[in-house]
Amino acid sequence: MDLSGKVAIITGSARGIGKEIALRLAEAGATVVVSDVADAEPAAEEIRKMGHQSLAVAADVTSASDVAGMVEKVTAEYGRIDILVNNAGIARDQLLMRMSEEDWDAVLNVNLKSVFLCTRAVLRQMVKQRWGRIVSISSIVGIVGNPGQANYASSKAGIIGFTKTIAREVGSRGITVNAIAPGFIVSKMTEQLGEEQKSEMLKRIPLGFLGTPRDVAETVAFLSSEEARYITGQVLGVDGGLGGL
Ligand SMILES: NC(=O)c1ccc[n+]([C@@H]2O[C@H](COP(=O)([O-])OP(=O)(O)OC[C@H]3O[C@@H](n4cnc5c(N)ncnc54)[C@H](O)[C@@H]3O)[C@@H](O)[C@H]2O)c1
């Protein structure tokens, strides 16, 4: 997959899955914009050390003015935006009866409103180019639900409805819009689980092992490529078969 000449913005890419996506797209030759609320510079610097162009942008994706500022900065610097990866996300878990309005709003704003704001902000440029790739990170939880995650599951299910709708709105402009639904991915959270919880989790995964941020990043690279030009409005599970059961 060759992404040379392409400019990619990845939200929430200072660390975790977003950072892995940033590194993978850079490996494929893309110029990568590392966007995060803070601390975006170290990841951008790592990419520059790999010999690729990279720009760090501080932006809160829940803020329309931050998002507009980010898009202006990127178009001023590179003159184009080819790929947007909506990755920034948070969780504030609580059973519904105890869930505060604040935790509901925070999760919906960071995980879903951000996808609306960022996608809307890059579309003008992509329409002008008649080429674009939007990839949003949903979750298996948005498909099957999970106790204690009503806010998170709703935000991730919302991404799926958004993806399918915008795919229909912009398909004629050469822009594809897809979502990825990761299952259990190795992260700080999964590292903290006890042995018993881990083996329970593994029993439910047909492939028998946890995914890595790299597994998600490879899928983003594919959906961002020319090779994926006939795929739009899809939700691709990266879950070791978990979602298929
Ligand atoms: N880790 C998993 O197992 C898993 C599974 C399914 C889906 N996901 C999704 O993948 C994405 C990345 O998850 P992760 O595990 O790497 O999480 P993480 O917490 O390691 O990284 C999330 C990033 O988003 C950034 N962020 C948070 N709020 C922001 C805001 N308002 N504006 C800009 N950036 C903001 C954070 O600073 C951080 O860098 C999330 O959307 C998450 O819901 C993760």
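Me: Which helix gives the most to the shell around the ligand?

Reply: Helix H1 (residues 16–27) does, with 3 residues. Helices are DSSP runs of H or I with at least four residues, strands are runs of E with at least two, and both are numbered from the N terminus. This is a predicted model, in which local features need pLDDT of at least 70 and side-chain atom pairs count only at pLDDT 80 or more, while totals for chains, interfaces and linings use all residues. Residues are numbered from 1 along each chain as its sequence is written.

Me: What makes a residue part of the surroundings of the ligand, and how many residues surround the ligand?

Reply: A residue is near a molecule if its C-beta atom, placed from the backbone, lies within 6 Å of it. The ligand is surrounded by 23 residues, and the closest are Gly12, Gly16, Ile17, Gly89 and Ile185.

Me: How do the residues of the shell divide into nonpolar, polar and charged?

Reply: There are 11 nonpolar, 9 polar and 3 charged residues in the shell. Nonpolar covers Ala, Val, Leu, Ile, Met, Phe, Trp, Tyr, Cys and Pro; charged covers Asp, Glu, Lys and Arg; the others, Gly among them, are polar.

Me: Why do the buried residues of H2 count as lining one face of the helix?

Reply: The buried residues of helix H2 (residues 41–49) are Ala43, Ala44 and Ile47. Seen down the axis of H2, they fall within an arc of 100°, so they line one face; the arc is that of the directions from the helix axis to the C-beta atoms. The face turned away from the buried side carries the exposed residues Glu45 and Lys49. The buried residues pack against H1, strand S2 (31–36) and strand S3 (54–58). Contact here requires C-beta atoms, placed from the backbone, within 7 Å.

Me: What makes Arg130 and Pro206 exposed?

Reply: Arg130 has 10 C-beta neighbours inside 10 Å, so Arg130 counts as exposed. Arg130 sits in the loop between H4 and strand S5 (132–137), with a positive phi near 55° in a residue other than glycine. Pro206 has 10 C-beta neighbours inside 10 Å and therefore counts as exposed. Pro206 is in the loop between helix H8 (195–203) and helix H9 (213–223). Leaving aside neighbours within four places in sequence, Pro206 is in contact with Gly240 and Gly241.

Me: What makes a set of residues a nonpolar core, and how many residues has the largest?

Reply: A nonpolar core is a set of buried Ala, Val, Leu, Ile, Met, Phe, Trp, Tyr and Cys residues joined through C-beta atoms within 7 Å. The largest has 69 residues, and those with the most contacts inside it are Ala8, Ala22, Leu25, Val32 and Val34. The largest share of this core, 10 residues, comes from helix H4 (residues 101–129).

Me: How do you know that the radius of gyration agrees with a compact globule?

Reply: The globule rule is 2.2 Å times the number of residues to the power 0.38, and the radius is taken over C-alpha atoms. For 245 residues a compact globule would be near 18 Å; the protein has 17 Å, which agrees.

Note on methods: A residue is buried if 20 or more other C-beta atoms lie within 10 Å of its own, exposed if 12 or fewer, and partly exposed in between; C-beta atoms are placed from the backbone. Two residues are in contact if their C-beta atoms, placed from the backbone, lie within 7 Å.
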